[in-house]
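User: I'd like to learn how to read a structure feature by feature. Could you walk me through this one?

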Amino acid sequence: MLFIPLLNRMLTSLNKNELKYYIEIIAFISTVLPLFVKSLSPFGDMNSASVLITVYLIAGYMKKYDIKLSKFISWGIFVGGLILEFNLNYGIKKSW
């Protein structure tokens, strides 16, 4: 919550391409990079601030540029996320 004023200023001051670039970089650092570099695991944890910042920026981007998703796509993302989470948790438990 401490970062919200800074993130809001970032959302209003950047143009569309710059904002997309920053979202991609933060998403890569918080989700993909920790899979390959174990010393970065605190940045990839689902409770970490970087993941929450990424989600906040994506939602701000969608609001700023009036991007609307249909109910079908929203449900598809939701169900796909649940399936992905289940498979990843099952894979992690099985590897232990």
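User: Is Ser-48 buried or exposed?

Analyst: Buried means under 20% relative accessible area, exposed over 50%, and partly exposed in between (1.4 Å probe, protein chains only). Ser-48 has a relative accessible area of 10%, so this residue is buried. Ser-48 sits in the loop between α3 and α4. Its C-alpha atom is 8.2 Å from that of Ser-30, a residue 18 positions away along the chain. Please keep in mind that this is a predicted model: local features need pLDDT of at least 70, side-chain atom pairs count only at pLDDT 80 or more, and totals for chains, interfaces and linings use all residues. Residues are numbered from 1 along each chain as its sequence is written, and side-chain values use heavy atoms, with hydrogens and water left out.

User: What average pLDDT does the chain have?

Analyst: pLDDT is the predictor's confidence in each residue, from 0 to 100. The chain averages 83, and 81% of the residues score at least 70. Among the elements, helix α1 (residues 4-13) has the highest mean, 92, while helix α3 (residues 41-44) has the lowest, 51.

User: How many helices and strands are there?

Analyst: Helices (H or I, at least four residues) and strands (E, at least two) are DSSP runs, numbered from the N terminus. Here we find 5 helices and 0 strands, in the order α-α-α-α-α from the N terminus. Of the 96 residues in the chain, 16% are buried.

User: Which contacts join residues at least 24 apart, and how do I read that share?

Analyst: A contact means heavy atoms within 4.5 Å. Taking contacts between residues at least 6 apart in sequence, 60% join residues at least 24 apart. Ile-58 counts as partly exposed because its relative accessibility is 38%.

User: Which residues make the nonpolar surface patch?

Analyst: Patches are made of residues with over 30% relative accessible area and no salt bridge; like charges are joined within 9 Å, and nonpolar side chains (Val, Leu, Ile, Met, Phe, Trp, Tyr) within 5 Å. This patch, of about 680 Å², is made by Tyr-21, Tyr-22, Ile-25, Phe-28, Ile-29, Val-32 and Phe-36. Tyr-22 belongs to helix α2 (residues 16-36), and its 37% relative accessibility makes it partly exposed.

User: How many aromatic pairs are there, and how do I read them?

Analyst: A pair of aromatic rings is described by the distance of the centres and the angle of the planes. Rings of Phe, Tyr and Trp (its six-membered ring) pair if their centres lie within 6.5 Å; planes under 30 degrees apart count as stacked, over 60 as edge-to-face and the rest as tilted. The structure holds 3 aromatic pairs. One of them, Tyr-21 with Tyr-22, is edge-to-face, at 5.7 Å centre to centre and 70° between the planes. Another joins Tyr-61 and Tyr-65: the centres are 5.1 Å apart and the planes at 55°, so this pair is tilted. Tyr-61 is buried at 11% relative accessible area, whereas Tyr-65 is partly exposed at 26%.

User: Which residue forms a salt bridge with Asp-66?

Analyst: Side chains of opposite charge can pair when their charged atoms come close. The rule asks for a side-chain nitrogen of Lys or Arg within 4 Å of a carboxyl oxygen of Asp or Glu. The count here comes to 1 salt bridge. Asp-66 pairs with Lys-68, the closest N and O atoms being 3.0 Å apart. Asp-66 and Lys-68 are both exposed.

Key:
Accessible areas come from the Shrake-Rupley method with a 1.4 Å probe; for residues, only the protein chains shown count as cover.
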